[in-house]
Amino acid sequence: ITLTEAIPGYPVLTIHHTTCLARVALNGAHVMEWAPAGQSPVLYLSPQAVLEPGKPIRGGIPICWPWFNAHPSDATKPMHGIARNRPWTLKKANESEAGVKLMFVLCNDAETHELWPHGFEAQVTILLGQKLEVSLETINKSDSSFVITEALHTYLTVGDISKITVKGLADTDYLDTVGERMMRHQTGDITFDREVDRQYASTGAVTVEDPALGRIITVEKEGSGTTVVWNPWIEKSKRLADLPDEAYHQFLCIEAANAGDSAVTIGPGASHVIRTVVHL
Ligand code: TA6
């Protein structure tokens, strides 16, 4: 494990382990890259990702918290909350035969209070090995309840989006946010020939079958009632400055989330954990 600041003020942990290679930015406690030993990268990182303090990274696993998408009542607040656009404190970095365990903490301060007026401690625990596990724990340090929505917004590298099959969400209801927002029902597996941006009411695992790369990626989760599936396709890719126009062919987001009906109410002193595990 080495901590470097190739970009001044932007510390990144580089992990070279027998089980995997990875990079994790302290900005956002953000897993940027992960490749199990002997495999090509599993996470997608945009070549145009902006690596600047305070800016979200396009790719890897953005931590979207304590709200998912736009702030529920104030559109001037940052998309996807306050976690991915500020530095987290590295509390632990342990190496074992199984891999590397990192633990980051974010506590409320005057800045976060401006954006989200609650007392909290958020902890991100990352296990980097043959599998990748990210857990986000929210601890309510205040004396009143609060509600969060959240997503571990995992970008997966795929060989060719038009040949991808996503299994595990058949017969599930979802909120389709493309065009007119409406509830729909998923029959059969998910394939891609247009923009897809759907919030499935599901607690189960998902598999991404990628014949072009000859592999199947499994995304398991705990503490999550929503699975978000997103590919921007052509037009939205063009609108995203930190994403090459053609990049939509090579990635897919499978996000362990809590949004809509699965928003989480956390009582004073209580805590909640959402976890995602990615493996081949
Ligand atoms: O993945 C769901 C989503 O809300 C999409 O609508 C898209 O906006 C994506 O997140 C990325 O959001 P970002 O703020 O990172 O550009």
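**Notes on the model**

1. Cysteine 20 counts as buried, because its relative accessibility is 1% (buried means under 20% relative accessible area, with a 1.4 Å probe and protein chains only). Cysteine 64 is likewise buried, at 0%.

2. This is a predicted model, in which local features need pLDDT of at least 70, side-chain atom pairs count only at pLDDT 80 or more, and totals for chains, interfaces and linings use all residues. Residues are numbered from 1 along each chain as its sequence is written, and side-chain values use heavy atoms, without hydrogens and water.

3. The structure contains zero disulfides (pairs of cysteine sulfur atoms within 2.5 Å). For cysteine 64, the closest cysteine sulfur belongs to cysteine 253, and the separation of 9.1 Å is too far for a bond.

4. Around the ligand are Arg58, Phe68, Asn69, Met79, His80, Arg84, His153, Asp197, Val228, Trp230, Lys236 and Glu255 (each with a heavy atom within 4 Å of the ligand). This shell comprises four nonpolar, three polar and five charged residues.

5. An N or O atom in the side chain of histidine 153 lies 2.9 Å from a ligand oxygen; for histidine 80 the distance is 3.0 Å, and for a polar side-chain atom of lysine 236 it is 3.3 Å. The protein covers 89% of the 390 Å² of accessible area that the ligand has on its own (Shrake-Rupley method, 1.4 Å probe).

Technical notes: A polar contact is a pair of N or O atoms within 3.5 Å; within protein, one must be able to donate a hydrogen and the other to accept it, and residues adjacent in sequence count only if both atoms are side-chain atoms. Ala, Val, Leu, Ile, Met, Phe, Trp, Tyr, Cys and Pro count as nonpolar, Asp, Glu, Lys and Arg as charged, and the others, Gly among them, as polar. Buried means under 20% relative accessible area, exposed over 50%, partly exposed in between (1.4 Å probe, protein chains only).
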